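Open the model in your viewer and keep the selection panel at hand. The stops below go from one selection to the next.

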Amino acid sequence: MGNYKILIIEDDRTIAESIRKHLEKWEYQVQCVTDFKEVISEVTSFKPELILLDITLPFYNGFYWCNEIRKFTKIPIIFISSADDKMNIVMAMDMGGDDFISKPFDLTVLTAKVNALLRRSYSFKANVNVIEHKGVMLNLSNTKISNGDKSIELTKNEFKIMQLLMENAGEMVSRDTIMIHLWDSESFIDDNTLTVNLTRIRKKLSQIGVNDYITTKKGMGYLV
């Protein structure tokens, strides 16, 4: 995920470390706050592009820190908390939060929300290198495709095909369009080779626990 930095402000070390390790798989630079009296100092020194902020913290709660952070930066902030009643969610948004994720949460869902918020917040930066659809994530920086904690590397052609399908998620992409796309990238393949590539992609997806992800429209093309 290139140079994107994420700061985790979470008192539960087990949760903080599990989030850190998971996000680092996506090549984020992740740091966890350990001194909860010096939150602002860590924000200003680390200079994160996104903050994951719990509500229940030592000394001052997450609402307080969100308000303090908003005094000098518009860094995207995602609240993560088990205190997910309506009042807390409304308060989190009113204080300047951008999203709210209730504990316990799935790390895949958390990562998808992080990716989406970064894309929305930094659309001008070209190094948001993950496409997500239905929980499946395609890492554009290393051609790996992942589902939860399982990932597998794609060949150049397999990667190009999946990128095209996922960028057009929900829409049918014709076989001709796929082959033209590969021709443009100097990876020309014929009709038979395309079928072989799709078969291999489906096999790799099944190896990471994803089945029936690519739908074939007979005589037309494919969609995810």
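**Stop 1: charged pairs**

Select Asp99: with 17% relative accessibility, Asp99 counts as buried, where buried means under 20% relative accessible area, exposed over 50% and partly exposed in between (1.4 Å probe, protein chains only). This is a predicted model, in which local features need pLDDT of at least 70 and side-chain atom pairs count only at pLDDT 80 or more, while totals for chains, interfaces and linings use all residues. Residues are numbered from 1 along each chain as its sequence is written, and side-chain values use heavy atoms, with hydrogens and water left out.

Lys113 lies in helix α5 and Asp99 in strand β5, so the pair ties together parts 14 residues apart in sequence. Helices (H or I, at least four residues) and strands (E, at least two) are DSSP runs, numbered from the N terminus. Lys113 is partly exposed at 30%.

Next, select Glu10, Asp54 and Lys103, which are linked in a network of salt bridges. Between Lys103 and Glu10 the closest N and O atoms are 2.8 Å apart. This pair links distant parts of the chain, 93 residues apart: Lys103 is in the loop between β5 (99–102) and α5 (107–121), and Glu10 in the loop between β1 (5–9) and α1 (13–24). Lys103 is buried at 18% relative accessibility, and Glu10 is buried at 1%. By the rule above, the count comes to nine salt bridges.

**Stop 2: the cysteines**

How many disulfides does the structure hold? The count is zero, a disulfide being a pair of cysteine sulfur atoms within 2.5 Å. Cys32 is buried at 11% relative accessibility, and Cys66 is buried at 0%.

**Stop 3: an open sheet**

Select β10, β12 and β11, which form an open antiparallel sheet in the order β10-β12-β11; two strands pair if DSSP finds at least two bridges between them. β10 (173–174) and β11 (215–217) stand at the edges with a single partner strand each, so one side of each has no neighbour in the sheet. β11 pairs with β12 (residues 221–223) over three bridges. Finish on Thr215, which stands opposite Leu223 in β12.

Definitions and conventions. Salt bridge = Lys/Arg side-chain N within 4 Å of Asp/Glu carboxyl O.
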